[in-house]
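I opened the notebook to look up a few local features, one by one. My notes follow the structure.

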Amino acid sequence: MRTQLTAPAIRAHKARAGSEPLVMVTAYDAPGARMADEAGVDLILVGDSVAMVVLGYDDTLQVSVADIAHHTGAVARGLASSAPDRTAKKPLVVADLPWMSYHTTPVDTVLNAAQLIRSGAQAVKLEGGRKRLPMIEAIVDAEIPVMGHLGLTPQSVHAMGGFKVQGREHRAALELVADAKALAAAGCFAVVLEGVPDEVARMITDAIDVPTIGIGAGPSCDGQVLVFHDVLGLGSGNYPKFVRRYADLADEAVAALERYVADVGSGDFPGDDESYHVSEEIAAEMLKGRSSV
Ligand code: KIV
């Protein structure tokens, strides 16, 4: 019987206490979730990166709560039907609260978080530091586990002036440490650190009792997260420096599709084995019928 990884179990996962690094990957649909589960990840993030890597937008600002709920449902259904023998634990599903779903009132924030939980997530993630504390506290108060996200927060792309590494200056680094401490104190069970120097990620990881999960934040975090399409080489070819590509599936897919195009063109596809047939009797009747038409 598989056990479900829970937010409290993740919260206890600190490298300095001897825990193995946490592994998180994004997934946006049922096949992706099943593959991630079979590979043995601890957490699946239904990220708002779906806007860029699946839906073709230039940033993450274009997706709504309904969009993330739609993809969360697909991930949850994929996990319900996956039964890997290699992993004992079922990954925790974390859904991203998209831009403008937690920027107005705590009430709206809780209702939006609830929609993602009802779609199949067990936790939600939101971006930002101390100014998001009222929203984080409201979500925690509604008994919904919440993950923080600091550093390069893609929903702030316009305010940051682009997708830029954060916390390079001393003062900015200290602000990030203060933000991380505030998020942990408010009840976040883990904090994603994106696009920050290794030294800053290490300082934050040392400063808080909940795990940090890094993306472009060096090796000192308590875990790592990458985007599914980046890990598998399913992207458009522009991969950030911090991505390690473990496959080039886009190239393989194009090569396979080229073979399909060639086979249809040459008449080689479909073959007899790939076609349906009527029985010999019916075929004979049809032939007779044709000659009397
Ligand atoms: O949406 C996403 O993929 C994310 C990760 C980059 C952490 O938030």
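First, the naming I rely on: helices and strands are DSSP runs, numbered from the N terminus. A helix needs at least four residues and a strand at least two. I also note that this is a predicted model.

**Entry: the loop between α11 and α12**

I looked for Glu-274 and found it in the loop between α11 (249–266) and α12 (280–292). The peptide bond from Phe-269 to Pro-270 is cis, and I read its omega as near 0°.

**Entry: the ligand**

I asked what surrounds the ligand. My list has Thr-26, Leu-45, Gly-47, Asp-48, Ser-49, Asp-96, Lys-125, His-149, Val-192, Glu-194, Ile-215 and Val-227. Next I took the distances from ligand oxygen atoms to side-chain N or O atoms. For Ser-49 I noted 2.5 Å. For Asp-48 the value is 3.0 Å. For Asp-96 it is 3.1 Å. How much of the ligand does the protein bury? Taken alone, the ligand exposes 260 Å², and the protein buries 96% of that.

**Entry: Met-100**

I looked up where Met-100 is found: the loop between β5 (92–96) and α5 (106–118). I wrote down its phi as near 75°. That is a positive value in a residue other than glycine.

Conventions:
Residues numbered from 1 in each chain as written. Predicted model: local features only at pLDDT ≥ 70, side-chain atom pairs only at ≥ 80, totals over all residues. Heavy atoms only, no water. Near = heavy atom within 4 Å. Polar contact = N/O pair within 3.5 Å; in protein donor to acceptor, adjacent residues only side chain to side chain. Areas by Shrake-Rupley, 256 points an atom, 1.4 Å probe, with all protein chains shown as cover.
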